[in-house]
Amino acid sequence: MLIFVASNDQLGAIEPKNEIKVNNFSVFKYQDGRIQGIDAPEKLTDPQKTNILKLMNFNEQEIEKMDTQFKDLLLKDGGIKVDTVTTDKVHIYTDLNGKDHIVTDKNREEINKLRQEELKKSNGEVSPLGVNNGIYSGYGTSVYKGKTSNGVEYIYTYHNRFYFNERPNYTYVDTIGHSWQNATPKNSTGEYYVQNLALRSDFGFKSIDQSSLTGTKAEVDLRALTGQHIGTLTTEVRIPVSDQGKTAAFASAYAHAHTNNLINMALGVAGITFGSQPGDKWGWRDSFKIGPPAP
């Protein structure tokens with residue numbers, strides 16, 4: 001099934017910037033609208049973090065769904081959020097026979113009944129915890145970081161987020177990935193942690209594959225722990241300044257395995273192909289206009 005989704009050597013250090021007071025904390029804003037990264041965002045209060053993120057072009061709805069660790073990541077990195085258009089959202093359930101089912105609001109209950117039936121005949125191959133679906137959410141965030149030191153490329157970071165609001169249905173190894181169009185990758189990082197009340201357990205990703213010039217994918221070894229399971233795959237890319245005004249796109253995908261068979265992902269140009277292994281698979285595309293966002 002094909003899913004059509006999708007060293008900061010910046011000039012910022014020599015560009016004029018203005019000081020802005022946010023709840024008695026000094027924030028510096030460049031002329032192109034970017035916010036300078038903050039050294040120790042974990043020391044800020046929640047109201048300070050919220051107001052600085054708003055200066056970075058995030059709205060209240062976007063901020064509300066961020067956990068503390070992601071807020072700190074964005075604040076430390078700095079920049080300004082890019083307005084994107086999200087299209088081609090899809091959710092696929094692949095049964096134990098390898099058959100794909102497109103999940104919609106109309107057939108969701110029917111799909112959950114199929115999960116129940118497959119659980120009964122799985123002979124222990126499928127986790128007994130995994131019957132119903134609905135605790136996953138995922139989205140992408142693009143941030144403009146400025147230009148390279150020679151001024152010929154724009155710098156962007158793209159964050160592919162996944163979030164299970166409780167222990168996931170199955171705790172095997174999941175796959176996450178994104179691919180792009182007309183961009184050059186520089187580096188990818190990943191974080192995965194479980195938040196249970198005030199306790200956070202950090203695990204990171206099992207692996208990150210950066211061998212492709214068109215995308216990055218990673219494996220997430222889910223832990224059988226109570227709590228919220230949260231993760232982010234982040235990639236920094238460069239886009240030629242000569243492409244200003246054109247449209248760039250990121251395709252994002254997340255595959256939640258229902259057995260110990262890893263779900264394959266093949267990365268194309270702003271597109272991702274899933275393997276036929278059983279599980280839930282989500283994908284979407286984020287598009288944006290190349291160039292500095294409006295401050």
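At what angle do helix H1 and helix H3 pack, and how far apart are their axes? In this predicted model, helix H1 (residues 46–55) and helix H3 (residues 68–77) pack at an angle of about 50°, and their axes are 11 Å apart. Axes here are lines fitted to C-alpha atoms, for helices over the stretch in contact, with angles running from 0 to 180 degrees between N-to-C directions. Residue numbers start from 1 along each chain as its sequence is written, and side-chain values use heavy atoms, with hydrogens and water left out. As the model is predicted, local features need pLDDT of at least 70 and side-chain atom pairs count only at pLDDT 80 or more, while totals for chains, interfaces and linings use all residues.

H1 and H3 are therefore oblique to each other (under 35 degrees would be roughly parallel, over 145 roughly antiparallel, 65 to 115 roughly perpendicular, and the rest is oblique). Helices (H or I, at least four residues) and strands (E, at least two) are DSSP runs, numbered from the N terminus. On the H1 side, Lys49, Ile52 and Leu53 meet Thr68, Lys71, Asp72, Leu74 and Leu75 of H3, contact meaning heavy atoms within 4.5 Å. Sorted by class, this contact of H1 with H3 has four nonpolar, one polar and three charged residues (Ala, Val, Leu, Ile, Met, Phe, Trp, Tyr, Cys and Pro count as nonpolar, Asp, Glu, Lys and Arg as charged, and the others, Gly among them, as polar).

Turning to the strands, an open sheet is formed by seven of them in the order S6-S5-S18-S15-S9-S13-S12, with antiparallel pairing; two strands pair if DSSP finds at least two bridges between them. The edges are taken by strand S6 (100–102) and strand S12 (207–209), each with a single partner strand, so one side of each has no neighbour in the sheet. From one strand to the next, the twist averages 20°. Within this order, strand S9 (residues 173–180) and strand S13 (residues 215–221) run antiparallel and are joined by seven bridges. Here Val173 stands opposite Asp221 in S13.

Strand S2 (residues 17–22) and strand S3 (residues 25–30) also run antiparallel, joined by six bridges. Lys17 has Tyr30 in S3 as its bridge partner. The hairpin of S2 and S3 has two residues between the strands, and Asn23 takes a positive phi near 50° there.
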